[in-house]
Amino acid sequence: MGTGTVVLMVLAILGGAGGVVGILVRAGRREAEAEKVRLAEQARVQAVRSMEAVWSMGPLEFEEYVADLCRRDGCTEVRRVGATNDLGADVMGRLPDGQQLVVQCKRYAKHRTVGSPDLQKFNGTARSEHGADVPLFVASCKFTKQARAFAARHGLVLVDVDLLGFWNSGTALSALLDLDIGRSGTNRKLAPDS
């Protein structure tokens, strides 16, 4: 066998090996992406399952549950203040960066929605009566389209049932403050003009 033939055989083997490596790399990427999708779906299902306990809570128990989540995520001076004539504040405290957090909690059945009138009442008192730097409205259900639009215009942070499930499952409050449920539950806050 000549030197040229040996060189051609070596190149063919290396080229074939490179092709096999490329195929394996692509297969590994597809497998990693499929695993990422599977884990995201598993987290979503687990969050919904954990919400069953939330829907069985009473209103005061729900407020304490939200206060506990705030404490878990490093908020200080957290206290449940909700009562008759609470002027829209159920939980108050300070975020880890010192900002005043005022929370309105609505523990509704999962088939209900929170509409714009509830947000309008909260917006009217969160900053002016309670000095909120961050007005947060937490609900165990969905917000209506009109409520989400109102919140976007007035800088209210919304945590709906989906985000609450993730918060309950370990997502930090600080991560939720930069999100809004404007469309699918994971979109950045809408600009007031949107």
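1. Let's start with Lys142, which is partly exposed in this predicted model: its relative accessible area is 37%. Lys142 forms a salt bridge with Asp160, with 3.8 Å between the closest N and O atoms. Lys142 belongs to strand β6 (residues 142–143) and Asp160 to the loop between β7 and α5, so the pair ties together parts 18 residues apart in sequence. Asp160, at 3% relative accessibility, counts as buried.

2. Do have a look at the other salt bridges too; a search of the whole structure finds 8. One of them joins Glu52 and Lys110, whose closest N and O atoms are 3.3 Å apart. This pair links distant parts of the chain, 58 residues apart: Glu52 sits in helix α1 (residues 3–55), and Lys110 in the loop between β3 and β4 (113–114). Glu52 is partly exposed, at 42% relative accessible area.

3. Glu64 and Arg71 also meet through their side chains, at 3.0 Å from N to O. Glu64 is partly exposed at 30%, and Arg71 is partly exposed at 34%. Shared partners bring Glu64, Asp68 and Arg71 into one salt-bridge network.

4. On to the sheet: 5 strands form an open, mixed sheet in the order β1-β2-β3-β5-β7. β1 (76–80) and β7 (157–159) are at the edges with a single partner strand each, so one side of each has no neighbour in the sheet. From one strand to the next, the twist averages 15°.

5. Within the sheet, β3 (residues 100–106) and β5 (residues 134–139) pair in the parallel sense over 6 bridges, and Lys106 stands opposite Ala139 in β5. Helix α5 (residues 161–168) packs on the sheet, touching β5 and β7, and its direction makes about 75° with that of β7.

Key. Residues are numbered from 1 along each chain as its sequence is written. This is a predicted model: local features need pLDDT of at least 70, side-chain atom pairs count only at pLDDT 80 or more; totals for chains, interfaces and linings use all residues. Side-chain values use heavy atoms; hydrogens and water are left out. Two strands pair if DSSP finds at least two bridges between them. Helices (H or I, at least four residues) and strands (E, at least two) are DSSP runs, numbered from the N terminus. Axes are lines fitted to C-alpha atoms, for helices over the stretch in contact, and angles run from 0 to 180 degrees between N-to-C directions. Contact means heavy atoms within 4.5 Å. A salt bridge is a side-chain nitrogen of Lys or Arg within 4 Å of a carboxyl oxygen of Asp or Glu. Buried means under 20% relative accessible area, exposed over 50%, partly exposed in between (1.4 Å probe, protein chains only).
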